[in-house]
Amino acid sequence: MARTSAGSRLFDTVNAGILIIVALVAIIPFLFVLSGSFTASEELLNRGVVLIPTKFSLDGYRYIFSADTILRSLGVTVFITVAGTLINLIFTTLTAYPLARKEFWGRGPVMLLILFTMLFSGGMIPTFLVVKSLGLLNSFWSLLIPNAISAFNLIVLRSFFLQLPDGLEESAKIDGCNDFQILLRIALPLSLPALATFALFYAVGHWNTFFNAILYINDNTKWPIQVWLRQIVILSQGGVGDSQNMGADYVVPPGEVIKMAVIVVSTVPILLVYPFLQKHFAKGVLLGSVKG
Amino acid sequence: MAVREIRRKGLLAAGVLGLSLVTACSGGGGGGSDSGPDTAGAPANSGSSTSAPVEITMMNQYLTAEPPKMDSEPMKLLQQYTNSKLNVTWVPSSSYSEKVTASIAVAGDLPMLMLVKDDRNPAIIEAARAGQFWELGPYLKDYPNLKSLDPGRLSNISIDGKVYGIYRWRPIARNGIIIRKDWLDNLGLQEPKTLDELLNVMKKFTTDDPDKDGKNDTFGIAFDSNSAQFNHFLSIMGGPNLWQYQDGKMTPDFMTKAYMDTLKLLHRMYVDKLFNSDFPVVKDRTTLINQGKAGVYIGAYDDLNARFTDLYKSNPNAKLDTVPNISGPDGKIHVQGGTGYNSVFMIPKTSVKTEDQLRQVLSFIDKLGDQDVLNLMTWGIEGKHYKVENGKAVRIDEQVYTDEVYNTLFQMMVFDGSKAMPGEIDPSVAKFNQLIKDNEQYAVPDPAQALLSPTEMEKGTQLDQIIMDARTKFIIGEIDEKGFQQALDNWRKSGGDKVIAEYEQEYAKTAKQ
């Protein structure tokens, strides 16, 4: 609209230039892994960074899909992510909403207790003991229940609920809604951006589940894909083979190509979720945090 | 998990105590433990083949991408041979130590047989001292295979002089020199036999364009941040293996003259550009070999087969070969010795409650040393993985064997495979197997191997770091002898003096026993 001065144009150009560089820095590693996973291994070794492969190869993917393990683990991860995120959202909402209601007696102390868990956590061993004595070991529940509510997400969601106008609620009540109906018909639809954001947070967390699975689950058919991914990546760095002086249990590590193919297979599905939730993203986190 | 740097506590080498016994016992048999309480009327072979299979639960690691399958044919045969029903929790090697630590801390959730990788770890030692594991020493003599376990190696795994585990046998010293044979031929050079000849070869590899591509793009030797190479040179120069014991005094290797000589040697090599100058940040030196940029590799001899496939892919004319270890300035060959084992099996008392149960578990391990089992692990199944020609086993397909047998069973390989039937193997493998065997006589032991120092357990990593930093700086010329001396003083003040004192005390104590 307004005529731009030379100085402002220069500023814009420099700005765009810097942003493009920053974007490239973020994107190139991904592209490298992606194209690397389609490259023949000799080329990868000799050329270093390959963005456009001259020798195309599907060896990495062939290796991965030759075993049923990775597909099964992928299935496990999808299940954990979907079921876990649902559980997270239901429990987080059911806790956050009452805590946002002014007529809920004793919400102060409850909030304090929740805050406390953010500052001090039990740690690995006590948590393990709890999981064990609840009989959750070796079942998917051990990955779904212990982290059902994230204290931080709960607090942000509660502030989101807090800023809903009281009048809305009152008029709903006058129209004959009970508390549940208010939550379902009024509060939740209005908090969709926040819910979408937390769904993404939780989903990524579940997708990356690794350590808990190792700790709580002995049956390797129930392991999520990250366990597999980590093993392959570490093997290919030669880090697991015992130190030089120790045993000869050395197994030929999977090549770089396989490593990259695994990274692609295990990260692309969750990356695909982002574009769909992206529009809610900034809005959800920001709105929730305005009134802390 | 980065390649483990020197781990003084985990570090190999037969203890001096064991040294005298190693040679005596490598011929098999030997006295075994002749002390220990008398276990009256113990059946030497409990669980005869007619009785029902014994259920054994085990926690073990796997080093492949996928866990071994329990319903594979070799695994079934193993259970049949050992008359057991195995229930193994396979844990990926990348997370194994965490899993063990958590399991021990919680107890109550332990298997009957637990593979412990990091057996010199304070948590394990404390657990053993607190009586969480069975002391196995007194029982070993009742079993035909277990009683032939090497006392030197047993002493290496002992805690306060007691044996709480069954070690998994491995060669004492695997390290040696792997060299580009085609480069030697291109330049008309001989295999090096002495340090000077090796230096000469490396110099020619650097300057004389051994790959004949007209470009000055090669190094003599591939170097990375791993300590194994430095220690190898240190041994060649006649230095001790991490610690030296003399007249009641313990001295760490870096306080010896040989260490300073080695530092100077490497500094000279650095200045002459015999190795890659970015070595402090290089994690894996095999890459340089695979890229055809370096001609000498120092590491395990058996890496020859496992780690250089990419080289042949990109350069089918390349030829790598193992060469015998070279003699140092004193005209003798020295190689850094190892502990001779990799991980131990321990038996938790929470899961194995009675002595009868203990005997069942021990008898299972004992059977892993039977000839049938060793044949299975070494060769696989006849007709499927090997055939017999002239009384010798011949492998049918290396890859099939690796996938179906080696990767599945090798984590249970407790004994050395010498009882398995003789076989025809690839000449290059036969060669390095012989070299590894030869190394045994040149191995320099670490006198501190079986000694436990609380300070070292607590601060060992930081202490090692001080010296390693100074070492790197010296090699690249950032500090001189005086600077190294300062680092040394820093080491002593930061707890090194205490480590020395504790080792000396421990040494005196164990020597008395």
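Chain A of this predicted model has 14 helices and zero strands, where a helix is a DSSP run of H or I with at least four residues, a strand is a run of E with at least two, and both are numbered from the N terminus. Read from the N terminus on, the elements of chain A are therefore α-α-α-α-α-α-α-α-α-α-α-α-α-α. Of its 292 residues, 42% count as buried, a word I use for under 20% relative accessible area, with exposed for over 50% and partly exposed in between, using a 1.4 Å probe and protein chains only. Among the contacts in chain A with a separation of 6 or more, 72% come from residues 24 or more positions apart, contact being heavy atoms within 4.5 Å. Chain A exposes about 15600 Å², and carbon and sulfur atoms supply 72% of that area, which comes from the Shrake-Rupley method with a 1.4 Å probe.

A word on conventions: residues are numbered from 1 along each chain as its sequence is written, and chains are lettered from A and ligands numbered from 1 in the order in which they are written. Since the model is predicted, local features need pLDDT of at least 70 and side-chain atom pairs count only at pLDDT 80 or more, while totals for chains, interfaces and linings use all residues, and side-chain values use heavy atoms, with hydrogens and water left out.

Let me turn to chain B and its open sheet, in which five strands follow the order β2-β1-β3-β12-β4 with mixed pairing; two strands pair if DSSP finds at least two bridges between them. The edges are taken by β2 (84–92) and β4 (165–169), each with a single partner strand, so one side of each is left without a neighbour in the sheet. From one strand to the next the twist averages 25°. Within this sheet, β3 (residues 113–116) and β12 (residues 341–346) of chain B pair in the antiparallel sense over three bridges, and B:Met114 has B:Met346 of β12(B) as its bridge partner.

Which strand holds B:Asn60? B:Asn60 lies in β1 (residues 54–62) of chain B, and because its relative accessibility is 0%, B:Asn60 counts as buried.

Finally, the helices of chain B. Helix α2 (residues 73–81) and helix α14 (residues 371–379) of chain B pack at an angle of about 170°, with their axes 10 Å apart; axes are lines fitted to C-alpha atoms, for helices over the stretch in contact, and angles run from 0 to 180 degrees between N-to-C directions. α2(B) and α14(B) are therefore roughly antiparallel, the term for angles over 145 degrees, with under 35 roughly parallel, 65 to 115 roughly perpendicular and the rest oblique. The contact is made by B:Pro74, B:Leu77, B:Leu78 and B:Tyr81 of α2(B) and by B:Asp372, B:Val373, B:Leu376 and B:Met377 of α14(B).

Helix α9 (residues 257–271) and helix α17 (residues 454–475) of chain B, in turn, pack at about 45° with axes 8 Å apart, which makes α9(B) oblique to α17(B).
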